[in-house]
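Please open the model in your viewer and get ready to select side chains.

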Amino acid sequence: MSLRPPDFEFVRDLVWRESAIVLGNEKDYLVKARLTSLARVQGFGSLERFMYEVRNSPSSDLRFRVVEAMTTNETSFFRDSVPFDVLREHLLPKLIQERQAERRLRIWSAGCSSGQELYSVAMLIDRHFPELGNWEVELLGTDISAEMIKRAKQATYTPLEIARGLGDDYRKYLVAAGRGFQIADTIRRRPRFLQLNLVEDWPDMGVFDVILLRNVLIYFDVAHKAAVLSKTQQRLRPGGYLFLGGTETTLNLHCGFQRVLADSANCYQLREAT
Ligand SMILES: C[S@@+](CC[C@H](N)C(=O)[O-])C[C@H]1O[C@@H](n2cnc3c(N)ncnc32)[C@H](O)[C@@H]1O
């Protein structure tokens with residue numbers, strides 16, 4: 001199956017418009033591979049026929065599937081470990097002290113993929129902060145991809161996915177399920193997962209004590225990175241913490257955040273007004 005240059009350009013523009021994800025010319029091979037498998041799943045005999053349908057069908061569903069297929073959902077439990085160490089050792093103890101009066105904590109994994117990031121937080125809290133047992137701890141996971149939200153809710157992972165990052169100390173939170181494992185009910189019931197496109201309007205979600213926006217902005221163009229950081233600023237509670245991915249920064253994008261703690265945690269707070 002081959003992908004004609006005008007079809008590549010159509011998909012590149014569609015994906016950028018709908019999700020802010022930038023597909024440079026060097027992604028040609030990746031776009032082709034993902035469209036080829038999507039075309040097969042959708043029952044089309046050729047990529048040309050599939051692209052004809054995508055371009056001419058009034059159905060937005062097929063176009064959404066193309067956008068969804070272009071997302072990169074790479075994730076793992078306790079990815080990059082340092083942010084989770086920092087949460088456990090410093091930030092959660094501090095937030096617990098600061099929020100004693102209301103006994104409420106809100107944590108948001110924005111661009112949560114298949115859920116490992118948020119379940120890591122849920123397991124970490126269960127294991128290390130039993131005192132939060134009678135607090136209202138709200139864990140929210142959102143992603144543009146309906147497929148990822150479905151997977152996150154199912155919380156079923158292959159042995160390989162489990163081996164990537166889930167240490168022995170956390171295996172007690174798994175139950176065998178088919179050829180893999182599922183996160184045990186006690187943890188699985190805690191987070192709420194919703195489909196949300198970060199570059200569209202956000203519902204009124206209130207403010208969060210911790211926002212994990214890791215390895216998402218990396219795929220966006222500069223204007224969309226800045227716009228999403230602006231909206232994130234409105235959703236971060238004063239005194240709360242924003243985590244970006246290891247290669248991401250607010251530098252030259254948004255001046256409303258200041259980096260705190262060690263560089264490798266890539267953690268920010270709202271900049272105090274001067
Ligand atoms: C590489 S994963 C990162 C997952 C997790 N945060 C981590 O660091 O392991 C990026 C996720 O961002 C999601 N994403 C991409 N564009 C998005 C958008 N416009 N709105 C919401 N989520 C988006 C993708 O679907 C994907 O699941």
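This predicted model holds 8 aromatic pairs. A few of them are worth a stop.

**Stop one: F78 and Y170.** Select these two residues and show their side chains. The ring centres are 4.7 Å apart and the planes meet at 40 degrees, so this pair counts as tilted. That label follows because an angle under 30 degrees would be stacked and one over 60 edge-to-face. Now colour by secondary structure: F78 is in the loop between helix 4 (60-69) and helix 5 (82-98), while Y170 is in the loop between helix 8 (159-163) and strand 4 (174-177), so the pair ties together parts 92 residues apart in sequence.

**Stop two: the surroundings of Y170.** Then select R127: its charged end sits over the ring of Y170, 5.2 Å from the ring centre.

**Stop three: W108 and W202.** How are the rings of W108 and W202 oriented? Their planes are at 90 degrees and their centres 5.2 Å apart, so the pair is edge-to-face. W108 belongs to strand 1 (residues 104-110) and W202 to the loop between strand 6 (191-195) and strand 7 (208-213), so parts 94 residues apart in sequence are tied together here. Both W108 and W202 are buried.

**Last stop: R106 and F208.** Select this pair to see the charged end of R106 over the ring of F208, at 4.3 Å from its centre.

Technical notes:
Residues numbered from 1 in each chain as written. Predicted model: local features only at pLDDT ≥ 70, side-chain atom pairs only at ≥ 80, totals over all residues. Heavy atoms only, no water. Phe/Tyr/Trp six-rings, centres within 6.5 Å; stacked < 30°, edge-to-face > 60°. Helix = DSSP H or I, 4+ residues; strand = E, 2+ residues; numbered from the N terminus. Buried < 20%, exposed > 50% of the residue type's maximum accessible area, 1.4 Å probe, protein only. Lys NZ or Arg CZ within 6 Å of the ring centre and 35° of its normal.
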